[in-house]
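Me: I have a structure open and would like to go through it piece by piece. Can you take my questions as they come?

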Amino acid sequence: MNAELPAALSEAIARELDGVSGRVLNERATQVSERYRRGDTSAKAIAGGEDALAYALARAPATYAACAAAFAQGHAMTPDFAPRRLLDAGAGPGGASWAALERWPSLDEIRMIDASPPFLALARRLAGAGSPVLQAAEITRRDLLSADPFPKADLVVASYALAELSADDQAQVVTALWAACEGVLVLVEPGTPQGFERIRAARASLIAAGATIAAPCPHDDACPMVEPDWCHFVQRLPRSRAHRLAKGAEAPFEDEKFAYVVAARPTVRLATRSPRVLARPRHLKPGVELKLCTAGDVEQRFVPRRDKGAHRAVRHVDWGGAMPGDG
Ligand SMILES: C[S@@+](CC[C@H](N)C(=O)[O-])C[C@H]1O[C@@H](n2cnc3c(N)ncnc32)[C@H](O)[C@@H]1O
């Protein structure tokens with residue numbers, strides 16, 4: 001799975017940076033991060049075009065990578081699903097749409113909706129540098145809370161958007177997004193305990209509304225995770241030079257923690273669900289120690305090296321993956 005922005009998108013972002021001073025961008029990126037960290041929504045954090053650009057440079061690569069990782073797991077569990085229409089709710093600069101198109105090239109109609117004029121303007125310019133499907137994307141200003149139903153789509157995505165809504169509003173939006181979804185709904189949130197709680201609440205309401213969970217959970221039972229633990233995953237992504245400068249960071253990569261759920265309509269065929277790896281496996285001399293979500297439980301499993309077949313099967317499993325042949 002490629003967690004890196006597609007070349008056309010990173011080049012389009014680079015073109016946007018032409019003529020904008022590195023110092024200004026660094027300041028904007030720092031201010032935008034501070035505003036998000038203290039709990040501001042995008043309506044406050046993204047006051048103009050330079051803020052939107054700073055987000056595209058400093059945050060969009062990470063939210064793109066998280067979406068790409070969630071889509072990869074969703075795709076593995078729904079191998080026949082070939083969506084045509086995408087709805088990207090709370091699209092921001094549109095990274096989730098780009099990631100969806102990379103994963104599902106069958107998409108031929110993209111709708112992005114968002115409330116933020118600076119994000120919408122940037123999303124339009126960036127999409128203009130993409131494939132014909134992105135160039136033709138309908139990118140519309142709309143409040144996720146408006147009473148009108150969302151347009152129907154095969155694939156519905158909301159990435160890092162629920163965080164900006166109150167708990168009641170999240171429930172309303174998830175219900176409305178599910179009503180619009182004729183195939184698969186993917187919700188992605190930051191991999192914090194709070195982000196996970198939003199995903200857990202959404203998951204429960206989606207199951208109550210008839211959804212089957214394709215990923216990460218191998219079951220539709222109550223989530224077995226117990227506080228203070230929380231279900232989250234991590235995706236490593238490379239940082240470009242401009243990305244490092246904007247963030248004032250040295251390391252050539254960053255690890256984005258995220259939580260997600262992929263919910264499917266019963267008409268979508270699921271592959272056999274198998275336990276999900278919930279932490280980085282520990283490769284010890286006598287064997288591999290795994291933390292797994294199984295049918296209704298979180299368990300530690302030890303696969304001894306002397307059990308050659310089982311050990312070989314888990315040698316390459318990673319945090320976030322499914323246990324091979326353990327359905
Ligand atoms: C943190 S950004 C995430 C953007 C993008 N999905 C991503 O993953 O990078 C949250 C987005 O949700 C949008 N949003 C938040 N509340 C909204 C609302 N009530 N109606 C429409 N969009 C909203 C914001 O404008 C912003 O673009």
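Me: Which residues of α1 are exposed?
Reply: Ala7, Glu11, Ala14 and Arg15 are exposed on one side of α1. Keep in mind that this is a predicted model.

Me: And which residues of α1 are buried?
Reply: Helix α1 covers residues 7-17, and its buried residues are Leu9, Ala12, Ile13 and Glu16. Looking down the axis of α1, the buried residues fall within an arc of 100°, so they line one face of the helix.

Me: Why would residues three or four places apart point the same way?
Reply: An α-helix has 3.6 residues a turn, so residues with that spacing point the same way.

Me: What do the buried residues of α1 pack against?
Reply: They pack against three helices: α4 (49-58), α6 (95-103) and α7 (117-127).

Me: What follows α1?
Reply: Gly19 follows α1, and the phi of Gly19 is positive, near 85°.

Me: Next helix. At what angle do the axes of α2 and α4 cross?
Reply: Helix α2 spans residues 22-37, and its axis crosses that of α4 at roughly 85°. The two axes come within 8 Å. Angles of 65 to 115 degrees count as roughly perpendicular, and α2 and α4 are therefore roughly perpendicular to each other.

Me: Which residues make that contact?
Reply: From α2 there are Val24, Leu25, Arg28, Ala29, Val32 and Ser33. From α4 there are Glu50, Asp51, Leu53, Ala54, Tyr55, Leu57 and Ala58. Sorted by class, the contact of α2 with α4 has 9 nonpolar, 1 polar and 3 charged residues.

Me: Changing topic. How many residues surround the ligand, and which are the closest?
Reply: The ligand is surrounded by 21 residues, and the closest are Ser42, Thr63, Gly90, Gly92 and Ala115. The shell around the ligand divides into 10 nonpolar, 8 polar and 3 charged residues.

Me: What do α5 and α6 supply to that shell?
Reply: At least two residues each; α5 is the helix at 60-77.

Me: What does Ser97 touch, leaving out residues up to four places away in sequence?
Reply: Ser97 touches Leu86, Asp88, Ala91, Ile110, Met112, Leu134 and Ala137.

Me: Leu86 is on that list. Where is Leu86 found?
Reply: Leu86 is in strand β1, residues 85-89. Leu86 also counts as buried, with 24 C-beta neighbours inside 10 Å. Beyond its neighbours within four places in sequence, Leu86 is in contact with Ser97, Ala100, Leu107, Glu109, Ile110, Arg111, Ala153, Leu155 and Val157.

Me: How about Gly130, where is its place?
Reply: Gly130 is in the loop between α7 and α8 (132-135). Gly130 is buried, with 20 other C-beta atoms within 10 Å. Leaving aside neighbours within four places in sequence, the contacts of Gly130 are Ala8, Leu9, Trp98 and Gln135.

Me: How many residues apart in sequence are Gly130 and Ala7, and how many Å apart in space?
Reply: Gly130 and Ala7 are 123 residues apart in sequence and 9.6 Å apart in space, C-alpha to C-alpha.

Me: Now Phe233. Which strand is it in, and what is Phe233 in contact with?
Reply: Phe233 is in strand β7. Leaving aside neighbours within four places in sequence, Phe233 is in contact with Ala69, Gly191, Phe258, Trp319 and Gly320. Phe233 is buried, with 23 other C-beta atoms within 10 Å.

Me: Last one. What is the phi of Tyr160, and where is Tyr160 found?
Reply: Tyr160 has a positive phi of about 55°, although it is not a glycine. Tyr160 is in the loop between β4 (153-159) and α9 (167-180). Tyr160 is buried, with 24 other C-beta atoms within 10 Å.

How values were computed: Residues are numbered from 1 along each chain as its sequence is written. This is a predicted model: local features need pLDDT of at least 70, side-chain atom pairs count only at pLDDT 80 or more; totals for chains, interfaces and linings use all residues. A residue is buried if 20 or more other C-beta atoms lie within 10 Å of its own, exposed if 12 or fewer, and partly exposed in between; C-beta atoms are placed from the backbone. Helices (H or I, at least four residues) and strands (E, at least two) are DSSP runs, numbered from the N terminus. The arc is that of the directions from the helix axis to the C-beta atoms. Two residues are in contact if their C-beta atoms, placed from the backbone, lie within 7 Å. Axes are lines fitted to C-alpha atoms, for helices over the stretch in contact, and angles run from 0 to 180 degrees between N-to-C directions. Angles under 35 degrees count as roughly parallel, over 145 as roughly antiparallel, 65 to 115 as roughly perpendicular and the rest as oblique. Ala, Val, Leu, Ile, Met, Phe, Trp, Tyr, Cys and Pro count as nonpolar, Asp, Glu, Lys and Arg as charged, and the others, Gly among them, as polar. A residue is near a molecule or strand if its C-beta atom, placed from the backbone, lies within 6 Å of it.
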